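Me: I have a structure open and a few things to ask about it. Can we go through them one at a time?

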Amino acid sequence: MPRSPIRLIAILLTGALVLCSASTWPQEQRTSRPSSLATARAQISHSQLDDAEKTIWTVLSSDPNQPEALALLGIVRGRQKRYAEAEALFRRVLQLDPKSLVAHRNLAEALIAQDKTDPALEEYTEVVKLSPHDYSAKVELARLHLGRGEFAEALSNLESIPKDHFPPDAIPAQAAALLGLGRREQAVPLIPRVKQSPSLAADLAEVFLNGNAPQYAIQAIDEAIAGSPHPPARLYYLKGRALQATGNSPAALSSLQQALARDPKSVDALLALAALEASRKNDAKSVDLLKRAYALQPDSPAVLRPLVVEGIKAGQRKTALGAAHVLANKSQNLDDLYVAAAAMLEGQDFETAASIFEKYVSQRSNDSKGFLGLGIAQLGQQHYEEGKKALERSLQIEPNQADAEYQLGVLADRKGDAAEALQHFERAVELQPQHAKALASLGEQYLQAGELAKADTALERSVSINPNDAKGQYNLALVLSKLGKSEEAKKHMERSRALTAEDEQKASGSSSQPKP
């Protein structure tokens with residue numbers, strides 16, 4: 001899926017998700033329990049969260065509205081990744097002290113952790129108003145503006161920081177803002193400023209890569225590699241992506257392999273290599289790489305999604321179907337659900353596929369292919385009226401949908417309406433002349449009607465497009481036999497029997513609950 005230009009979530013959240021770092025601990029209030037709160041702060045700094053919570057509660061039990069104790073408890077909740085509770089605690093602190101910098105900043109970070117970037121931006125805006133010389137807050141505010149595509153606002157915040165106080169880790173954000181404003185010539189000179197830091201060079205390279213400037217991503221990486229005795233795997237991974245973006249696939253492959261050699265557990269490198277192999281039609285290699293990524297991150301939609309697609313392309317139906325079931329359970333993204341349901345159709349799990357497609361079309365009511373998938377799933381369960389309704393809706397949205405015409409032909413044939421079936425199959429072939437299944441079904445209809453010449457033409461076209469269709473080969477053999485072409489008929493019959501045996505062997509090795 002194409003990325004929005006320069007909207008770099010990694011850069012946006014750099015540092016922000018380390019919720020409540022030591023530098024942001026509340027210290028402006030002086031309390032009657034300084035020793036207890038100092039103890040809690042020390043315990044938090046040593047990640048002794050349970051002990052810190054007990055210490056904090058000794059204060060709150062006697063003073064439930066003690067601002068610093070509430071803020072420290074919010075820090076604990078943030079470290080525990082209980083972000084909603086952290087948010088509630090920091091909001092309570094702000095009710096008690098609306099100008100608390102600590103509460104505003106940590107509330108912003110808790111909101112970012114929950115993907116609530118708009119209210120987080122409001123909080124960082126307040127921090128900057130209350131503390132104009134808080135340059136780290138200005139950097140975080142700029143990153144949030146970048147996430148909204150507000151490049152001018154991001155750059156304005158960064159430019160308000162004096163040059164002698166400008167933090168190096170803000171350079172990638174500065175480049176992103178400049179690229180977003182079309183000022184590439186001002187972004188490129190930033191490259192030498194990060195060459196001594198491989199991590200910053202990688203961040204900057206990713207900015208250029210996502211900003212459709214892969215040549216400068218390569219420049220940033222090469223300078224960092226030249227100055228580093230032990231370049232990290234991420235640099236080679238990003239260089240591989242950048243090289244692929246320039247069309248240099250052999251060099252991209254080499255760089256990605258170097259990344260994987262340096263870090264065999266790099267899921268990013270495995271995914272990039274899998275995508276590269278897929279682009280070269282090496283589907284089996286792609287699946288092998290994706291299986292390695294799956295072993296490392298079995299719940300990741302970024303891994304499961306291509307594993308489903310490549311598994312189908314490689315003919316590894318069990319792998320694809322297993323990954324599809326996991327993807328459907330782990331992701332609520334509609335595109336992911338569509339991919340999962342489509343794979344389930346391939347695996348003939350029509351009931352689950354129908355359930356997912358129903359959810360999909362309820363939210364995308366004008367998606368022709370979504371209704372097509374739902375119709376196929378309903379037909380697979382012999383729910384003919386529901387299937388017909390979905391397929392007709394697909395055609396209503398997209399009248400030239402050949403697959404919907406074909407499926408309506410299948411439905412009519414099952415109901416014994418040969419005339420209607422013939423009409424739909426002919427329409428499907430008219431819309432898509434290379435539709436092998438429609439041609440095969442059309443040929444069968446002609447065969448049953450005794451129109452052997454038409455049957456021969458349709459079936460010859462069908463098997464030339466898809467020579468692995470056992471039924472098509474069988475019907476063609478029957479037609480040729482009736483036409484007196486016994487030798488040709490024999491060849492196609494033998495081919496049909498071989499394909500049928502292969503299909504039966506594959507079916508016998510299938511599982512009701514396949515796993516990747």
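Me: Is Ser249 buried or partly exposed?
Reply: Ser249 counts as partly exposed, because its relative accessibility is 24%. Buried means under 20% relative accessible area, exposed means over 50%, and partly exposed is in between, with a 1.4 Å probe and protein chains only. Before we go on: this is a predicted model, where local features need pLDDT of at least 70 and side-chain atom pairs count only at pLDDT 80 or more, while totals for chains, interfaces and linings use all residues. Residues are numbered from 1 along each chain as its sequence is written, and side-chain values use heavy atoms, leaving out hydrogens and water.

Me: Where is Ser249 found?
Reply: In helix H15. Helices are DSSP runs of H or I with at least four residues, strands are runs of E with at least two, and both are numbered from the N terminus.

Me: What about Ser394, buried or exposed?
Reply: Ser394 is buried, since its relative accessibility is 0%. Ser394 is found in helix H23, residues 384-397.

Me: Which residues does Ser394 touch?
Reply: Leaving aside residues up to four places away in sequence, Ser394 touches Ser368, Phe371, Leu372, Gln401 and Ala404. Contact means heavy atoms within 4.5 Å.

Me: New topic. How many residues of H16 are buried?
Reply: Ten of the 13, so H16 is largely enclosed by the rest of the structure. Among the buried ones are Val267, Leu270 and Glu277.

Me: Which helices do they pack against?
Reply: The buried residues of H16 pack against H14 (233-245), H15 (249-262), H17 (283-296) and H18 (301-313).

Me: What comes after H16?
Reply: Lys281 follows H16, and its phi is positive, near 65°.

Me: Now the rings. How many aromatic pairs are there?
Reply: A search of the whole structure finds four. One of them is Phe208 with Tyr216, a tilted pair at 5.9 Å centre to centre and 50° between the planes. Rings of Phe, Tyr and Trp (its six-membered ring) pair if their centres lie within 6.5 Å; planes under 30 degrees apart are stacked, over 60 edge-to-face, and the rest tilted.

Me: Phe208, buried or exposed?
Reply: Buried, at 0% relative accessibility. Tyr216 is partly exposed, at 22%.

Me: And what about Tyr338 and Tyr360?
Reply: Tyr338 and Tyr360 form a tilted pair, 5.4 Å centre to centre with 50° between the planes. Tyr338 lies in H20 and Tyr360 in H21, so the pair ties together parts 22 residues apart in sequence.

Me: Which residues make up the cluster?
Reply: Ring pairs link Tyr338, Phe357 and Tyr360 into a cluster.
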